Amino acid sequence: MMSVMQHIGFGSKWLSWMELIFPSGTSFVLLNGVPGKVFHCKRGVRQGVPLSPLLYILASDLLQSMVNDARAHNLLQLPVPLQHNQDFSILQYADDTLVIMEACSLQILALKNVLQEFSNSTCLNINFSKSMLILVNVKEQRTSLLAQLFGCVVGSLPFTYLVLPLGLTKPKVIDFLPLVTKCERRLSYTSFLSQAGRLEVTNSIFASFPMSFMSTFQIT
């Protein structure tokens with residue numbers, strides 16, 4: 001991360017601050033409710049530090065730049081060319097990354113090499129066995145071959161991304177079951193609250209969860 005910030009152009013004073021902050025985090029292990037010996041973390045920042053999302057954006061920008069560089073060298077091709085944006089299609093949130101690309105074996109291998117280079121340069125390990133390959137209008141035999149090249153499992157549509165269902169067809173009733181389950185699980189924790197407290201939590205749950213869920217659907 002220090003090399004990334006230095007390459008982007010951060011000043012020496014900022015870099016010296018980061019060098020002080022990164023090793024300043026401490027942690028301990030709770031065993032039967034008793035905290036153990038405190039040990040120092042060698043890298044990263046404390047949980048909840050406002051710098052965390054900013055540092056995440058820098059790491060995400062590095063991956064985007066590496067993938068764009070691969071596209072500039074014709075190793076990757078945009079699946080759908082856009083006039084207003086030439087960045088390669090990558091969606092990132094926390095440790096979830098969604099890459100949209102063509103079903104091409106050469107491009108699959110090129111993307112895997114880019115991800116491995118990103119992992120080696122940032123020490124952010126990528127578990128390919130936990131990754132999932134979802135193809136549209138591709139034969140099953142070719143799908144298995146591409147998944148084997150990438151070293152991941154084969155998924156199918158619709159699938160869940162950030163607790164939201166993504167697919168090509170109109171959602172069915174069964175696609176709403178995760179939302180119902182999530183609401184029921186949150187409501188089960190309100191039994192110890194007063195009637196006014198339960199009403200407040202219930203209104204909050206039924207206002208936020210369905211709104212977030214329905215934002216992915218086109219309303220006509």
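**Exercise 1. Is N74 buried or exposed, and where does it sit?**

Step 1: Look at accessibility. N74 has 59% relative accessibility, so it counts as exposed (buried means under 20% relative accessible area, exposed over 50%, and partly exposed in between, with a 1.4 Å probe and protein chains only).

Step 2: Find its place. N74 lies in the loop between helix 3 and strand 5 (90-93). Helices (H or I, at least four residues) and strands (E, at least two) are DSSP runs, numbered from the N terminus.

Step 3: Check the backbone. N74 is not a glycine, although its phi is positive, at about 60°.

Before going on, keep in mind that this is a predicted model, in which local features need pLDDT of at least 70, side-chain atom pairs count only at pLDDT 80 or more, and totals for chains, interfaces and linings use all residues. Residues are numbered from 1 along each chain as its sequence is written, and side-chain values use heavy atoms, with hydrogens and water left out.

**Exercise 2. Describe N137: which loop holds it, and what is its phi?**

Step 1: N137 belongs to the loop between strand 7 (132-133) and helix 5.

Step 2: Its phi is near 60°, a positive value in a residue other than glycine.

Step 3: With a relative accessible area of 81%, N137 is exposed.

**Exercise 3. Which residues does T143 touch?**

Step 1: Start from the element. T143 is in helix 5 (residues 140-150).

Step 2: T143 counts as buried because its relative accessibility is 9%.

Step 3: List the partners. Leaving out residues up to four places away in sequence, T143 touches L133, L135, V138 and V154 (contact means heavy atoms within 4.5 Å).

**Exercise 4. Work out how helix 3 and helix 4 pack.**

Step 1: Take the geometry. Helix 3 (residues 51-72) and helix 4 (residues 105-122) pack at an angle of about 145°, and their axes are 10 Å apart. Axes here are lines fitted to C-alpha atoms, for helices over the stretch in contact, and angles run from 0 to 180 degrees between N-to-C directions.

Step 2: Find the residues that meet. From helix 3 come A59, L62, L63, M66, V67 and A70; from helix 4 come V114, L115, E117, F118, S121 and T122.

Step 3: Sort them. The contact of helix 3 with helix 4 has 9 nonpolar, 2 polar and 1 charged residues (Ala, Val, Leu, Ile, Met, Phe, Trp, Tyr, Cys and Pro count as nonpolar, Asp, Glu, Lys and Arg as charged, and the others, Gly among them, as polar).

**Exercise 5. How many helices and strands does the chain have?**

Step 1: The secondary structure comes to 7 helices and 10 strands.

Step 2: Of the 220 residues in the chain, 24% are buried.
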